[in-house]
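Dear colleague,

Please find below the structure that I am handing over to you. My notes on what was found in it follow directly after.

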Amino acid sequence: MAMKMGVLRTRHLIDVKPIEALREIRLAGGTLTIGAGVTHWVLERDRTVAGAIPAFSEMEHNVANVRVRAAGTLGGNIAFAEPHADPPTLLAALGARVVLEGSSGRRALAVDEFITGMYQTALGSDEVLVAVEIPVPARATRVAYTKFQILERPSVGVAIVASLREGRFADAPTVVVGAADEMPRRADTRDLAGADARAADTAHALGAAAQRAVEPVGDLAGSAEYKRHLVGVFARRTLASLVAQAA
Amino acid sequence: MADREIALRLNGARRRVTVGDHLTLSDLVRSLGLLGTKVSCDMQVCGACTVLLDGRPVSSCTTLAVEADGRSVDTVEGLSDGRTLHPLQTSFIAHAAFQCGFCTPGMLMSAKALLDETPSPDAETVKRWMDGNICRCTGYETIVEAVLDAAKATSR
């Protein structure tokens, strides 16, 4: 698509999708490893993925539309670093890492260190993104993601990863806001450790923290002001979805 | 830019064609006389150019023809055997699920991929699956009804 629009021009184009090793999904030692060439279509149907991290499976089921899921890969999605995307937001909240391989060897980077800006990443010109490693959350940890979307791209996505103890946040919840800003942003939620997750004032504070984390970019899907409003709404909805999950 | 020969199964028939590296799959099938596949937005948003690549729906306007090497490609022309219409086509006619018809080939191919995997979908599943195919005429209700009815006809 970027080539077609004349945004990218390359002398050579190498199709890495047929490489078998990039199409593996492996669950071992508490880590779910997904090859960069695995499509969203495969991820939304994969039982290992659904069993390990149901919220990730559900997010994949709602990426873009069915044609994008059939052709698009998780690795391609992250490496493109299009701000209006779902996976980077949830992956950042889950503490996922990308594995990069190049002429100087192999290295791993947190997803939110890998994405450095709008369409910008830390990928070296001699490197290939080969896999995504997601730490499987502990049993007591809850994961939720909700978004607002027009056509195939989200305008706002909010991910929350948190443990609850008797209805209260055991620690500061991890809240990541995506799509609204140039890259996924982490909200400062230190004040929410120990807060009652079901309380209205907690939802209000969490929504406000999410809004403070971003500098929304206005576009055809809405003005910056409108998106800031949406960030608050969807942060509260994501919290409601997290609270509603069975303990 | 180079030309290369690819082998594909196009609507069930084995074909060998020489294509430029830059050629899109939509341009390939249309150059072969299969004009049913429409290019509308030409940026993989509208779904008019949907074809099935190894049974999965893709935007042929942003798939390179060389990616079809060794794979199967199904276009709207493959739905009917030339005498009997596919149940989806019959159902689209019965429900008047089109007006200008430009989105229809893509709608039919998306719906075929759905019914191949999920023979008896509910209305919500149909809406979710088809939400990447844009129609500016019908308001979608008749399309959803047509797909649901075709599902009943094929799973009977």
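**Domains, contacts and confidence**

Chain B is divided into domain 1 (3-78) and domain 2 (87-155), the bounds coming from an automatic or database domain assignment. Please note that this is a predicted model, in which local features need pLDDT of at least 70, side-chain atom pairs count only at pLDDT 80 or more, and totals for chains, interfaces and linings use all residues. Residues are numbered from 1 along each chain as its sequence is written, while chains are lettered from A and ligands numbered from 1 in the order in which they are written.

The centres of domain 1 of chain B and domain 2 of chain B, taken over C-alpha atoms, are separated by 21 Å. Between them, 15 residues of domain 1 of chain B are in contact with 13 residues of domain 2 of chain B (two residues are in contact if their C-beta atoms, placed from the backbone, lie within 7 Å). On the side of domain 1 of chain B that touches domain 2 of chain B, the elements giving two or more residues are strand 3 (50-53) and strand 4 (56-59) of chain B. Helices (H or I, at least four residues) and strands (E, at least two) are DSSP runs, numbered from the N terminus. Strand 3 of chain B provides the largest share of that side, 3 residues. That side of domain 1 of chain B consists of 7 nonpolar, 6 polar and 2 charged residues; here Ala, Val, Leu, Ile, Met, Phe, Trp, Tyr, Cys and Pro count as nonpolar, Asp, Glu, Lys and Arg as charged, and the others, Gly among them, as polar.

Chain A is likewise divided, into domain 1 (20-135) and domain 2 (141-244). Their C-alpha centres lie 21 Å apart, and the contact takes 20 residues from domain 1 of chain A and 19 residues from domain 2 of chain A. Helix 3 (54-61), helix 6 (87-94) and strand 5 (115-117) of chain A each give two or more residues to the side of domain 1 that touches domain 2. Helix 6 of chain A gives the most, with 6 residues.

As for the two chains together, 11 residues of chain A are in contact with 16 residues of chain B. Helix 4 (residues 66-71) of chain A supplies the largest share of the chain A side, 4 residues.

Finally, the model scores ipTM 0.95 and pTM 0.95. Chain B has a mean pLDDT of 96, and 99% of its residues reach 70 or more; pLDDT is the predictor's confidence in each residue, from 0 to 100.

With kind regards
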